[in-house]
Amino acid sequence: MKRISYLFIYVGLLLFTACEDLIDVGYPSNQLGTPQAFEDVQTANAALANLYTQVRDRSVLTGGSYIGTGSLCGAYADELDCYYYDQNQYMDIYQNQQQETNIAIASVWSASYQQIYYANAVIYGVEQSTTLSDDDRNRIKGEALLVRSLLYFYLQQLFGDIPYTTSLDYEYNRTIGKTEASVLLTQLEKDMMEAVTLLEDDYRDAERIYPNRKAAQLLLARICLLREDWLLAEQTAKNILQSPLYQYEADINEVFHKSGKHILWQLKPQNNGDATSEAAFYFFTGSAPNNYILTANLVGSFADNDLRKQVWIAEVTVNGQSWYRPYKYKNRENNANEYSIVFRLEEAYFIMAEALARQNKVDEALPYLNASRERAGLIPLTSLSQEAFIDELLAEKRREFFTESGHRFLDLKRWGRLNELSALKPDWKDYKQVWPIPRNELLLNPNLYPQNTGY
Amino acid sequence: MMEKNKSYCPQFYRLLSVLRDTRARYRLLFLLLAGTFILINSAYTQTVTVTGRVTELSGNPLPGVSIVIKGTSSTGTTTGEEGQYTLPGVPADAVLSFSFVGFKTQEIPLNGRTRLNVQLQEDITALSEVVVNAGYYTVKDAVRTGSIARVTAKEIQNQPVSNALSAVQGRMAGVNITQSGGTGGGGYDIQIRGTNSLRRAGNYPMYIIDGVPVSSETASNSLSATILPYTEINPLNAINPNDIESIEILKDADATAIYGSRGANGVILVTTKKGRAAKKTALSVNTSYGLSRVVNKLKMMDTPQYLEMRRQAYASDGITKYPANAYDINGTWDENRYTDWQNELIGKTAINSNIQLSLSGGSENTNFLVSAGHNEQTTVFAKDFNYKTNNLSMNLNHRSDDNRFTLKASGLFSEQTNNLIRSDVTKQSLLLSPNAPVLYKEDGSLNWENNTFANPVAPYGNTYDNKNRVLNLNINLGYELFRSFYLKLNGGIDQQIFEETILSPNTTRNPAFGSTPASSSTTKANQHRFTYLLEPQVNYKHALNGHETDILIGGTFQHRQSSALGLFGMGFESNALITNMAAAANAWVDYDTETGYKYAALFGRINYQYKNRYILNLTGRRDGSSRFGTNNRFANFGAVGAAWLFAEEEFFNDIRWLSFGKLRTSYGLTGSDAIGDYQYLDTYTVSSKSYGGIKALYPSRLYNPYFSWEKTTKLEAALELGFINDRIRLNTAWYRNRSGNQLVGIPLPATTGFSRIQANLPATVENRGLEFELNTNPVRTGSFNWNSDFNITFPRNKLVSFPGLEGSTYANQYVVGYPTSIVKVYNYEGIDPETGLYIFTDYNNDGNISSPDDNRVIKETGPRYYGGWSNQLSYKQWEFSFLFQFVNQVQKNYNSMMSRPGSLNNQPVEVLDVWSKDNPGGQYMPYSSGTDAQKNQSHALFMNSTAAVGDASFIRLKNIQLSYRLPVNRHVRDIRFYAQGQNVLTFTNYFGLDPEFILTGFLPPLKTWSFGIQFNF
């Protein structure tokens, strides 16, 4: 019996004592511990690259995405007609009938906050790192700040008061309350000031696929317009215009080509030869539209000799019926010369024009507006009243930036003229200036109450 | 040493030597007597050589029957593989005794005959002698304390199914199996006493094949999502059902707690067939051929009805000019065409062919079985898609002469190749307009009807293929070290190589888009899993004065290494090169992972029996799993079970009709670690995406190292009764399982960056139920035998608690006090006679029907009761059996997936009953073209209303079979002819294609007829 007992004891001991080691598996080959990820600049850049892939592929800035503001805000305002057989979340937005359960709106919200988390994680990671050089740390933090602020900017414009967080702590973030719009904009301005100091003018990549200081300044100028700080907007825009890095693109055919000197920041598709998301998204031929087409109102706003109508818009005719689709990006296969542009110099011109006009310096502002017209083969405008100038500014910008990241919606909103949409959109109501906060978010975090008025 | 002992104890050794002598003397005496006896016998009685054949009543040969001459000590003989025997030297007036386990022993006087054919009758009372596999140990059915359901080869063999689970549907109480679809190589939804976890993957049972656990986590990633529901591929697809000897399903705590953390959802034990001792090696060739079709088709509108609906839709919306994309009625498509799209797309007859060879034999000590099988089945889709399996299995058993050493080895290899369409076209077959254009032009090319027709067969070129190779090896060694003290070692290997490919050539897309092979793409996913298992065990048995003790202590160590590689390639010079990733202009690695899972445990069982009447069974397990953070890696599980065989008590002796009576109960704790690997780590993961040539790294998850095991407590009480010599058996079981500590992602607002965090949710799910099994043997005459078995289960699932449910995203999915399988829907009241729109109850009176305030009606989907009734009848060489399966349930019906009546989609004929002023009793609101937002909204609500949930109960003639055995000659023992039907008849009121589904929109299970021949040599 003794021997048996020994055996029992032995087996028992073996299994009990060795258990800890027996079940240790270490890390999987495709994962890296969080602190290690920020130990060197390559992996820190990779964490930042994640943010760019997200922004490129499924964010409010993705030109050819179902949650991009290019299509959603385009259809919400007066740029796009939505073309689906059955009612869906996009049709609801197009018809201004969105409810708090709209899943496209919920995706805009959740994708943006996920990307904000990614940006915060990168910022936290480089701040904690003791091994990165100061240059690398500043650059990475600056880029992440810029992307985060841009996302907040859109969230604020779409939803009004929104939560603002720089924390990674889920216990804090799950109960966070809303920040009032004016406070948020002040914060964003502060964040962008910091990004401007952190970033350099020189591009990290000659193809301008990463934002530099000037890109940060452009966003800063945008925020200044919202904060009605006309002077700072003017100064910031002027700073960009005076930079030797940039040059106005005179050839209408070259505007959406990646090598232009007018580009401040563009997003490169994943692989060489891949189409931009915009090129594939709006494409249809030989049959009725798939998703969106340009509104007759927008197409009609172009003069027939406007080169933009000829070059940036394609007509599709089937059985005698014609539709128009955006055609700024053209290559659907073997794309060699197009990236998706986020910021281009033309916007700085329009910011300049707007800031000056707001200060009642219409004559000074005119050349900045005429630049677009002249390139489009139109006659430049001459002396206008402030009111007339503003109308022209809005119309011109609509023609220049149609389907680009919701410029039209943002402009109408900033000018307080969204209610003009009711002429075209029967269901437009004043409270629809902002979208509803997604219902699930309210349920999960009651501190987000109250729901936006009207919803 | 011995000398020394001798000197110490001389008397003892003297005694021993006397004894030795005595023993020798007795031996001598015995030999003399025996010799004399033989001499006398041979001198005075004539001996003969007796030959003959022993069969069952059905005529099936019975090998291994032991035959002895009554009243002698002669060793006799045993029957061979064909049941034949030869026994020389038998006195002409001797009485021969034929005995075989499970059969009644027969004693037959020779009366001078030299040829004696005997039919043995199955011993029905021996049912309790059946030995049941409980995993780590076996137990006699009579004295088991746990709840174990069992089916054997007899029930499942030769059925026209590629997975044995199809053959056991409806046969076991407490086990609800739903086949996920009619496409070969898919999954099954198996609920053993309900669903415990709130996660689907947390409800998979544990599968063990010949002692080696196989992973129930599906190998397929999202590549198969549009053809295999939930991308599930059942692990038992890898076994030829004809190789299976028995399937045991462990249900209660007593049976499952020894599997600790992995036993919560029940354990499915598969035992493969073994060889047996036979003088002649037996060869069996079995081949069958089957034809399958869809069980049911929906009756859809024909062209005139459909076109009338479409025209009314526009008319009711006040539209006179049909829009450009209303091709069906604006003159683009031929309005006189009619196609039955169900016929065209899912109407083919699938062919199912099967061949299996097996060879078995052996001696008393060693036996073997080798089997090879090939199965091929096509689909009902209108192209040559198919699913092929090749199986090879081996079994070897050895026992040493002194019976102390045993070895069991088994090996299973299977190769499954599945070639499928990437997306199921079942839904399209219902939606396509009946006047949609022809599929192919006259030259055989795809017809796009001038870009107006999304040709449904174009995606046939868009294929999903998988190849699944599984190798499962098991070696089980046993050695009796001391008397009744055994050492055992169970070891095994489970290897799986799984390859998936999706081909997406540009030709599957409308050519008007001008795409070239530059946009053709290929996706590949390869997975490799290797698991080894080591389980040393010691077992001690002790019996004294009616006290029996059986102690088992063992350990488990399991290590699984997995690697996965995903590739994507796009842009080919030509589609001829599309299968070769190297030919892609752009190819990249989506993911490349190597992961590990380790699991270690110590387990034990103490079984105590007194007088074979009072039984106590204690089981326990301490588990360690690499899936938890360092502080939560270990947990203890265990159970206590007890049984009382009350019919053995003296006071029951007078009750003759009660032949068996047992009360048993068990209580215990089991668990689950099925949450995937590494969820507790704070890491960044390599993304499939890159930016500017830099591969992205993304934060893997929100960091929580504190979550721990999911736990299920199980309580059961059961009464087992046998009447009239066990010709009627009635088993009744009541159970209550409670699962807490739910390992489900806790939903978080998006501001946290993630939608959930892995944590233990303090929600409790309860499953309780009643199970009845009635086994009867109403007729049992010499040549006619009839068994009839009935089982029924009344399950009840309830969410007992869920803190914080109201404020969570689960609020729309669950309600405390109701099953976890509810749907919350709007209350449909009828049609508004003013507007023609559907009316729903506006619970919050805000004038607006919306979620979550108005979809308040709770509908409990899932089974209310289910079961089966099976019958086996045999008459001489004929056997006939059938099984009815029944499920009483409520499910979402066709209204829940219906497109808006009036849209460019066909509808079931029921939709003809449309409301109008003239038809105020109409079921559906006026057809609508889709331009009226109010009507759209009304239809959307209708799809989520009480009208979209309905009775989905069904009774199905699940299996029917007839077989005839033809005895032939010495060389060919016999030939068996059989015909089988699967899912032959279905009785249901369900509005939809078929009431058996786990996800809508996929092809339902098929109806099959098959014919087969089995040659036994």
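Predicted model: local features only at pLDDT ≥ 70, side-chain atom pairs only at ≥ 80, totals over all residues.
Strand E24 of chain B and strand E25 of chain B (residues 547-570) pair in the antiparallel sense over 22 bridges. By pairing I mean that DSSP finds at least two bridges between two strands. The elements themselves are DSSP runs numbered from the N terminus, with helices being H or I of at least four residues and strands being E of at least two. Within this pair, B:Lys524 stands opposite B:Leu567 in E25(B). Two residues lie between the strands of this hairpin, and B:Asn545 takes a positive phi near 50 degrees there.

On its other pairing, E24(B), residues 521-544, is joined by 20 bridges to strand E23 (residues 485-504) of chain B, and the two run antiparallel. There, B:Glu500 is found opposite B:Ala525 in E24(B). As a reminder, strands of a sheet pair through backbone hydrogen bonds, either parallel or antiparallel.

Residues are numbered from 1 along each chain as its sequence is written, with chains lettered from A and ligands numbered from 1 in the order in which they are written.

Let me turn to confidence. The predictor assigns the complex an ipTM of 0.92 and a pTM of 0.84. For chain B, the mean pLDDT (the predictor's confidence in each residue, from 0 to 100) is 88, and 94% of the residues reach 70 or more. A contact here requires that the C-beta atoms of two residues, placed from the backbone, lie within 7 Å.

Next, the interface. In chain B, 78 residues are in contact with 72 residues of chain A. Several elements of chain B each supply at least two residues to the side that touches chain A, among them E24, E25, strand E27 (614-625) and helix H9 (933-943). Which strand gives the most to this side of chain B? That is E26(B), with 13 residues. By type, the residues on this side of chain B divide into 37 nonpolar, 32 polar and nine charged. In this count, Ala, Val, Leu, Ile, Met, Phe, Trp, Tyr, Cys and Pro are nonpolar, Asp, Glu, Lys and Arg are charged, and the others, Gly among them, are polar.

Strand pairing also crosses between the chains. Strand E1 (residues 31-33) of chain A pairs with E30(B) in the antiparallel sense over three bridges. In that pairing, A:Leu32 stands opposite B:Tyr684.

I now come to chain A. Its secondary structure comprises 19 helices and seven strands. The C-alpha atoms of chain A fill a box of roughly 110 × 50 × 50 Å along the principal axes. Of the 455 residues in chain A, 51% are buried. Buried means that 20 or more other C-beta atoms lie within 10 Å of the residue's own, exposed means 12 or fewer, and partly exposed is in between, with C-beta atoms placed from the backbone. Helix H4 (residues 69-76) of chain A is mostly covered, with eight of its eight residues buried. These include A:Leu72, A:Cys73 and A:Tyr76. The buried residues of H4(A) pack against several elements of chain A, including helix H6 (103-128), helix H7 (134-159) and strand E4 (292-294).

Finally, two open sheets of chain B. One has five strands in the order E10-E15-E16-E13-E14, with mixed pairing. Strand E10 (148-152) and strand E14 (212-214) of chain B stand at the edges, each with a single partner strand, so one side of each has no neighbour in the sheet. E10(B) pairs with strand E15 (residues 244-250) of chain B in the antiparallel sense over five bridges, and B:Val151 stands opposite B:Ile247.

The other sheet has three strands in the order E4-E1-E7 of chain B, again with mixed pairing. Its edge strands are E4 (84-91) and E7 (118-120) of chain B, each pairing on one side only. Strand E1 (residues 47-56) of chain B and E4(B) pair in the antiparallel sense over six bridges, and the bridge partner of B:Gly52 in E4(B) is B:Tyr85.
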